[in-house]
Amino acid sequence: MTSTFPDISISTERLVLRALDEDDVPALAEMMNDEMVAAWTSVPQPFTEDGARTWITEYAPTERTEGRGLDLAVTEFLTQRLVGVIQLGKTNWHVRSTELSYIIAPWARGEGYASEAALATAQWLFGDQKFERIELRTAADNTASQQVAQKIGCISEGVLRNACIARTRTEDGTWVDLRTDFIVWSLLPEDLDGVGERLADTGGFTSFSDWN
């Protein structure tokens, strides 16, 4: 049984999801230094281009080849510009489950790219990879990320109390940890029934500031 993700590319109407490469270093570093990314993720701050290069050339390939997860660049189909990242992690090949997260660059928010990329990834996981469960965890106050989860059909399963460490910036400009709750969401193959049609009926993938 397969226990690693393939090196793949996933295309949607507006996006191409592909492996990160070294040409993405400047844009990835800029994206990861955004205030909202710093607040809601554990990405080191400040995030340097050396850090981005290590992620692309060492961390991401190792995660994939050792079967733990998959990191995909989310790029615009027309411009090839990096608009975000989709990550799969904590993969359990026996249960056929994985945890999905997403980050979208500040300039690209409000276009629905997170939901479009997450839905395409879910469809690929359930269809091509025969997965049976996708899990998302969103910080209790990260409403934008929760909206993305709802939009692609996720079901809220409950709250992990005091399980998340977010960050807040102090008056002197430093970041400090802030404990909060995680909301746990799940997505099963049957949850995707009709999601694409509903999105089309509402005008497509629009309306959120997207990050996780």
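**Ground rules.** I am working with a predicted model, where local features need pLDDT of at least 70, side-chain atom pairs count only at pLDDT 80 or more, and totals for chains, interfaces and linings use all residues. Residues are numbered from 1 along each chain as its sequence is written, and side-chain values use heavy atoms, with hydrogens and water left out.

**Helix α1.** I took helices (H or I, at least four residues) and strands (E, at least two) as DSSP runs, numbered from the N terminus. I counted a residue as buried under 20% relative accessible area, exposed over 50% and partly exposed in between, with a 1.4 Å probe and protein chains only. In α1 (residues 25-32), the buried ones are Val25, Leu28, Ala29, Met31 and Met32. They sit on the same side of α1, because their arc around the axis is only 160 degrees; the arc is that of the directions from the helix axis to the C-beta atoms. I then looked for what covers them, and found α2 (35-40), α3 (49-65), β4 (82-92) and β5 (97-104) among the elements, with contact meaning heavy atoms within 4.5 Å.

**Largest pocket.** I used a 1 Å grid over the protein atoms alone: a pocket is an open set of points where a 1.4 Å probe fits, with protein on both sides within 12 Å along at least five of seven lines, and lining residues have an atom within 4 Å of a point. The lining has 27 residues, and Thr41, Ser42, Gln87, Glu99 and Ser101 lie nearest the centre. Two or more lining residues come from each of α3, β4, β5, β6 (133-139) and β7 (155-169).

**Cysteines.** Cysteine 154 is buried at 7% relative accessibility, and cysteine 164 is buried at 4%.

**Helix α5 and after.** In α5 (residues 143-151) I listed Ala144, Ser145, Gln146, Val148, Ala149 and Lys151 as buried. Glycine 153 follows α5 and has a positive phi, near 100 degrees.

**Aspartate 191.** I found this residue in the loop between β8 (175-187) and α6 (195-201). Aspartate 191 is buried, at 19% relative accessible area. Leaving aside neighbours within four places in sequence, aspartate 191 contacts Gly153, Ile155 and Ser186.
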